[in-house]
Amino acid sequence: MSTTPVSPTLEDLNNITALRHHLHHFPELSGSEHNTSHTIRQFVKRYQPTEVVADLGETGIAVMFAGAGAPGPTLLFRAELDALPIKETNVLPYTSSSPGIGHKCGHDGHMAILMGLASLLHSQPLAAGKAILLFQPAEETGAGARKVLQEERFKDLKPDYVFALHNLPGVPLHQVLVREHTFAAASVGLKVSLWGKESHAAEPDKGLNPGEGMSELIQTLNALVKDQRSFQSLTLLTVVHARLGEVAFGTNPGFATVMATLRAFEQQDLNKLKQLALHTVEAIAEKYGLKHSHEFVEEFPATVNAPEAVEVIIAAAKDLNLDIQQVEQPMRWSEDFGHITNTYTGALFCLGSGLNHPELHHANYDFPDELIPTGSSLLYRIAQRLTKS
Ligand SMILES: [Zn+2]
Ligand SMILES: [Zn+2]
């Protein structure tokens, strides 16, 4: 195996960086990434992929690069197409042109990294097997990976290994963060509705105001995770939204809603917390004589890394002399790549975006372009190692 690290040519890198800025300038929300998807399809043509499968989970695209011919594994590398409903505060030549929408998770950069990988797979095809670059929709809502996985045309691709990376501020630039088993937490949104009976504010005795039940629900939900001894590993619950009736001083409200995000490093803990939360809702609704309903939304399973996939990432990072950090705790955030590692062998890892870089999902965040060649070369190296080219 050649030990010289390879990265896209300077000309390619300039084009790919310009592509990143273009994607940043025209961000699109989860499930609406039509122009982004079109741009990716047009741009990748220059690398003459073997095959392109489009419209996966609506806007997703799988781009295939066959190796030089020897039989070998099928490797899949994923990037995300979507941006966030966050107004950009940066002043850049390529500042978001879509009001209230911004690439605040760096998915523009992840797409650019995959494009750099496409350039390498084109100029120096793998000796064996093949590589698939998956540009996946709707990561931020947890809907995209699941939709793609349900597609028969995707199932036909049968990847042997799947990989994805995420940039991570607060970590030295270019540092590689890995962890075996759980890498990112499982999480789910819980929406609770409580109904009493509306009446005139002057006659509260004729109605049933769910306010008391609602406030007890918030406190009891928060208390569920106070004693962490009930769980195997870190388990969190954050009340994210609550509302009682409408703003109407003449009305005694008859409706309330409480929403919370439940999160855990271990899937069993999340399942347990879901049960505890539902029991709490039922008990409080009964105590106050309220009708109730609930819905779980935006479900992300834990992203569980296969040890053999992590081993390859570490070996490839060493080949490129990159700094490696084996993290002790999983990431507290969730990633819908967990759906993909639930189905296929693989791993998610992080690349440091710089110690003082603005945080993900913050209004002043922008993906650091310096990571593009690092990411592309590292993914290519992983592919080389698994196909022994
Ligand atoms: Zn995000
Ligand atoms: Zn992200």
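Donors are N, O and S atoms within 2.8 Å of the metal (3.2 Å for Na, K and Ca), and water is not among the atoms, so sites may look incomplete. This is a predicted model in which local features need pLDDT of at least 70 and side-chain atom pairs count only at pLDDT 80 or more, while totals for chains, interfaces and linings use all residues. Residues are numbered from 1 along each chain as its sequence is written, chains are lettered from A and ligands numbered from 1 in the order in which they are written, and side-chain values use heavy atoms, with hydrogens and water left out.

**Exercise 1.** Identify what coordinates the zinc ion (ligand 1) and classify the arrangement.

*Solution.*
1. The donors are Cys105 (SG), Glu140 (OE), Glu140 (OE) and His361 (NE2), at 2.0 to 2.7 Å.
2. Four donors count as tetrahedral if all angles lie between 85 and 135 degrees; four count as square planar and six as octahedral if opposite donors are over 155 degrees apart and all others between 65 and 115; anything else is irregular.
3. Around the zinc ion (ligand 1) the angles run from 53 to 150°, so the arrangement is irregular.
4. The sequence spacing of the donor residues is C-x34-E-x220-H.
5. Cysteine 105 is in the loop between E3 and H3, and histidine 361 is in the loop between strand E16 (346-352) and helix H10 (371-387), so the pair ties together parts 256 residues apart in sequence. Helices (H or I, at least four residues) and strands (E, at least two) are DSSP runs, numbered from the N terminus.

**Exercise 2.** Find which residues coordinate the zinc ion (ligand 2), and which residue bridges to the zinc ion (ligand 1).

*Solution.*
1. Cys105 (SG), His107 (NE2) and His166 (NE2) coordinate the zinc ion (ligand 2) at 2.1 to 2.3 Å.
2. The bridge is cysteine 105, and the two zinc ions lie 3.2 Å apart.
3. Buried means under 20% relative accessible area, exposed over 50%, partly exposed in between (1.4 Å probe, protein chains only).
4. Cysteine 105 is buried at 7%, histidine 166 is buried at 3%, and histidine 361 is partly exposed at 36%.

**Exercise 3.** Describe how domain 1 and domain 2 meet.

*Solution.*
1. Domain 1 is 10-183 + 302-387 and domain 2 is 186-299, with bounds from an automatic or database domain assignment.
2. In contact (heavy atoms within 4.5 Å) are 13 residues of domain 1 and 10 residues of domain 2.
3. The count of salt bridges between the domains is zero, where a salt bridge is a side-chain nitrogen of Lys or Arg within 4 Å of a carboxyl oxygen of Asp or Glu.
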